[in-house]
Amino acid sequence: MPVLDEIEAEIPALRRYARALLRDADAADDLVQDCLERAVARRRDWRGEGPLRAWLFRILLNRLRDLQRRAPRPGHLVPVDDLYPEPGQPAAQEDHLALNEVRAAMARLPEDQRRALLLVALEGFSFDEAALALEIPKGTLMSRLARARETLREMTGRTAKTKGIQR
């Protein structure tokens with residue numbers, strides 16, 4: 001399959017990941033557009049070492065880091081109007097509430113842990129592919145995933161079940 005066709009096939013996954021990272025559809029689409037422009041312009045730079053998918057996700061993450069470095073840093077204070085509103089009434093289904101709880105907890109994870117967790121859990125990357133995309137050793141990825149999962153369990157009040165024993 002030609003490289004351009006392979007790049008095109010990864011667009012939905014890039015969009016999903018960008019939207020999960022940024023939580024803003026317009027900004028995510030802009031980020032993916034920048035990523036695709038760079039990938040197409042530099043497609044001859046891809047040496048064919050490793051999966052093309054990891055190369056594209058690395059471009060996307062590097063572009064995101066560039067944009068974050070250039071963006072003004074608002075600090076830790078956020079205007080009340082920018083906060084996510086609480087639902088006016090409880091949801092009719094427990095799964096919906098649990099999903100919102102996990103989504104909010106994931107938003108509070110440290111950026112490096114959230115990126116690793118999204119690649120593996122949302123995008124289905126193997127550990128090797130995710131480590132390659134994040135440009136970190138596999139052991140570091142595994143450590144970040146373990147910390148992210150444990151933090152999510154704590155934030156959501158769930159406990160891990162190990163060998164039939166609940167912690």
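**Working through the model**

Modeller: Glu10 is buried, because its relative accessible area of 17% falls under the 20% cut-off. Please keep in mind throughout that this is a predicted model.

Biologist: Okay, and where does Glu10 sit in the chain?

Modeller: Glu10 is in the loop that links α1, residues 3-9, to α2, residues 11-22.

Biologist: Which residues does Glu10 touch, leaving out those up to four places away in sequence?

Modeller: With those set aside, Glu10 is in contact with Arg53, Leu56 and Phe57.

Biologist: Let's zoom out for a moment. How many helices and strands does the protein have?

Modeller: There are eight helices and two strands, and along the sequence they follow the order α-α-α-α-α-α-α-α-β-β.

Biologist: And how much of the protein counts as buried?

Modeller: The figure is 31% of the 167 residues. As for the surface, the protein exposes about 11,100 Å², of which carbon and sulfur atoms supply 52%.

Biologist: What share of the contacts between residues at least 6 apart joins residues at least 24 apart in sequence?

Modeller: Among the contacts between residues at least 6 apart, 66% join residues that are at least 24 apart.

Biologist: Back to the helices, then. At what angle do α2 and α3 cross?

Modeller: Their axes cross at roughly 135° and come within 8 Å of each other, so α2 and α3 count as oblique. The crossing in which α2 passes α3 is right-handed.

Biologist: Which residues meet there, between α2 and α3?

Modeller: From α2 there are Ile11, Leu14, Arg15, Ala18, Arg19 and Leu22, and these meet Ala25, Ala27, Ala28, Asp29, Leu31, Val32, Cys35 and Leu36 of α3. By type, the residues of this contact between α2 and α3 divide into 11 nonpolar and three charged, with no polar ones.

Biologist: What about the loop between α2 and α3, is Arg23 there buried or partly exposed?

Modeller: Arg23, which is placed in that loop between α2 and α3, is partly exposed, with a relative accessible area of 42%.

Biologist: Since you mention α7, how do α4 and α7 cross?

Modeller: The axes of α4, residues 52-70, and α7 come within 8 Å and cross at roughly 40°, which means that α4 and α7 are oblique to each other. α4 passes α7 in a right-handed crossing.

Biologist: And which residues meet between α4 and α7?

Modeller: On the α4 side they are Ala54, Phe57, Arg58, Leu61 and Arg65, which meet Glu129, Leu132, Ala133 and Leu134 in α7. The residues of this contact of α4 with α7 divide into six nonpolar, no polar and three charged.

Biologist: Moving on to α6, is Gln113 buried or exposed?

Modeller: Gln113, in helix α6, residues 111-122, counts as buried, because its relative accessibility is 7%. Leaving aside its neighbours within four places in sequence, Gln113 is in contact with Arg144, Arg147, Ala148 and Thr151.

Biologist: And Val120, what does Val120 touch beyond four places in sequence?

Modeller: Val120 lies in helix α6 too, and with residues up to four places away left out it touches Phe125, Phe127, Ala130, Leu145 and Arg149. Val120 is buried at a relative accessible area of 13%, and its C-alpha is 9.8 Å from that of Leu141, although 21 residues separate Val120 and Leu141 in sequence.

Biologist: Last one, Arg149. Where is Arg149 found?

Modeller: Arg149 is in helix α8, where it is partly exposed with a relative accessible area of 36%. Not counting residues up to four places away in sequence, Arg149 touches Leu117 and Val120. Arg149 and Met106 are 43 residues apart in sequence, with a C-alpha to C-alpha distance of 9.5 Å.

Conventions:
Residues numbered from 1 in each chain as written. Predicted model: local features only at pLDDT ≥ 70, side-chain atom pairs only at ≥ 80, totals over all residues. Heavy atoms only, no water. Helix = DSSP H or I, 4+ residues; strand = E, 2+ residues; numbered from the N terminus. Buried < 20%, exposed > 50% of the residue type's maximum accessible area, 1.4 Å probe, protein only. Contact = heavy atoms within 4.5 Å. Axes fitted to C-alpha atoms, helices over the stretch in contact; angles between N-to-C directions. Parallel < 35°, antiparallel > 145°, perpendicular 65-115°, else oblique. Left-handed = near helix turned anticlockwise from the far one by under 90°. Nonpolar A, V, L, I, M, F, W, Y, C, P; charged D, E, K, R; others polar. Areas by Shrake-Rupley, 256 points an atom, 1.4 Å probe, with all protein chains shown as cover.
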